[in-house]
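Biologist: I would like to go through this model with you, starting at the ligand. Shall we look at it together?

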Amino acid sequence: MARGFNTKLLHATSQKKDAHSAIQFPIYATSAYGFDTAEDIAGAFQNTRPAFAYSRSGNPTVDFFETRVKSITGANQVVAFSSGMAAITATVFTLCQAGDNVIISPKMFGNSVLLFTDTLKSLGLEVRLADFTQLDRVAAKIDARTRMLFFEVLNNPFLEIVDLEKLKSLAAEKQVMLCADTTLTPPNIFDAAQWGIHISIVSSTKYFSDGGVSVGGLVIDHGTFDWTAIPHLQALATQYGKNAFAFKLRKEILRNTGACLSPFNAFLQSIGLETMSLRFDRMNDNAFQLAQWLQKHPAVKKVSYPMLPDSPYYESCQRYLQGKAGGLLTFELESQSRCFAVMNRLKVIKRATNLSDNRSLIIHPLSTIYADFPTELLKEINLSERLIRLSVGIEEIEDLIDDLAQALQG
Ligand code: PLP
């Protein structure tokens, strides 16, 4: 019988048994590793003798974290990075050369969009923006130099869900790689490979980590893309087959950019993963109750949360996400000044960025995460100044309702 999500996760084993059979995989706080012979260390560098040589390129604690993620995603390869942003950057560096293009949704976490439109564009990458809820617009922008379609499955903070079946058919027809940021849809509710995603990127800072204690990122290769479709990966694809992308990602990009996850953070995030589905369910239950409560409040103009039956994404949430939307919701008040006043009166919910912390966190996205967005891009994403984002934690629901009730009353 196939094992369940938590059993697979908790009983994933490392490549080598720990010397003392420690139940919790230890932190290997070391930069380098000793070799018995010069031939051995040469072999490690030349990939003929698999071994850790230097912790920028590989570390047993980080490797164990990657193994755990493999066990719950069924992925072909998993490579950890120092942050979610580093994971996105490394993916683009692996796939793209100057003159290539990518098609991205402008409705994503603000820094992800600016990474493309500011930083990567200035290096010669052509960045094409398209609304992923209108797939004909995405299709019209694909050409022979399109290296990937990049979007968030449940996007932050808009909480829209793309039509994954249509997107999967489009990607297959055009032989283009589907790369999704699945940070808000972790593997306890969402099977990325099943819905046609070739590469998932995760900010493990969020649900994976133990409630807001560390920053990290993951690139998850589901082993389903034919890398010969990308001209500069063809030689590697001949040699390494479905491991071509992950080989370049780890051996060249991770090593040369040095954006490695520290073993301390890998340890914290491995522990975080052990309770992820429990924390997720509690956040999900709290968020659903709060969304329903906010919808009935006279001061609240609009609530967005895909578990609400009147959400335009209710059906997609049932179909793709096992009917669970997690801890993030948004609501609108009558003005920005009213949003600020309500936020300032909160006593339990913290004014902070980040999401899926164990504590509930609240933020006004337009004046913070999107403060650096150029006016034109802001128009395109249509982010309201009246919108508040609430990342619901695992506190008792009565305390969250009481806190919001007193804040909304003033
Ligand atoms: N992707 C999403 C959906 C995010 O919300 C964030 C951060 O909030 C990131 C990526 C970036 O991750 P990190 O902060 O770990 O670099």
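Modeller: A word on the basis: this is a predicted model, where local features need pLDDT of at least 70, side-chain atom pairs count only at pLDDT 80 or more, and totals for chains, interfaces and linings use all residues. Residues are numbered from 1 along each chain as its sequence is written, and side-chain values use heavy atoms, with hydrogens and water left out.

Biologist: How do the residues of the shell around the ligand divide by class?

Modeller: Ala, Val, Leu, Ile, Met, Phe, Trp, Tyr, Cys and Pro count as nonpolar, Asp, Glu, Lys and Arg as charged, and the others, Gly among them, as polar. The shell divides into 3 nonpolar, 7 polar and 3 charged.

Biologist: Which polar side-chain atom lies 2.6 Å from an oxygen atom of the ligand?

Modeller: A polar contact is a pair of N or O atoms within 3.5 Å; within protein, one must be able to donate a hydrogen and the other to accept it, and residues adjacent in sequence count only if both atoms are side-chain atoms. Gly 84 uses a polar backbone atom, 2.9 Å from a ligand oxygen. Lys 206 places a polar side-chain atom 2.9 Å from a ligand oxygen. The side-chain atom at 2.6 Å belongs to Thr 205.

Biologist: How much of the ligand's accessible area does the protein cover?

Modeller: Areas come from the Shrake-Rupley method with a 1.4 Å probe; for residues, only the protein chains shown count as cover. On its own the ligand has 390 Å² of accessible area.

Biologist: What stands opposite Ser 304 in strand 9?

Modeller: Strand 8 and strand 9 (residues 328–332) run antiparallel, joined by 3 bridges. Opposite Ser 304 is Thr 330.

Biologist: In the open sheet of 7 strands, which strands are at the edges?

Modeller: The order is 1-7-6-5-4-2-3, with mixed pairing. Each edge strand pairs on one side only: strand 1 (77–81) and strand 3 (126–129).

Note on methods: Pairing = 2+ DSSP bridges. Helix = DSSP H or I, 4+ residues; strand = E, 2+ residues; numbered from the N terminus.
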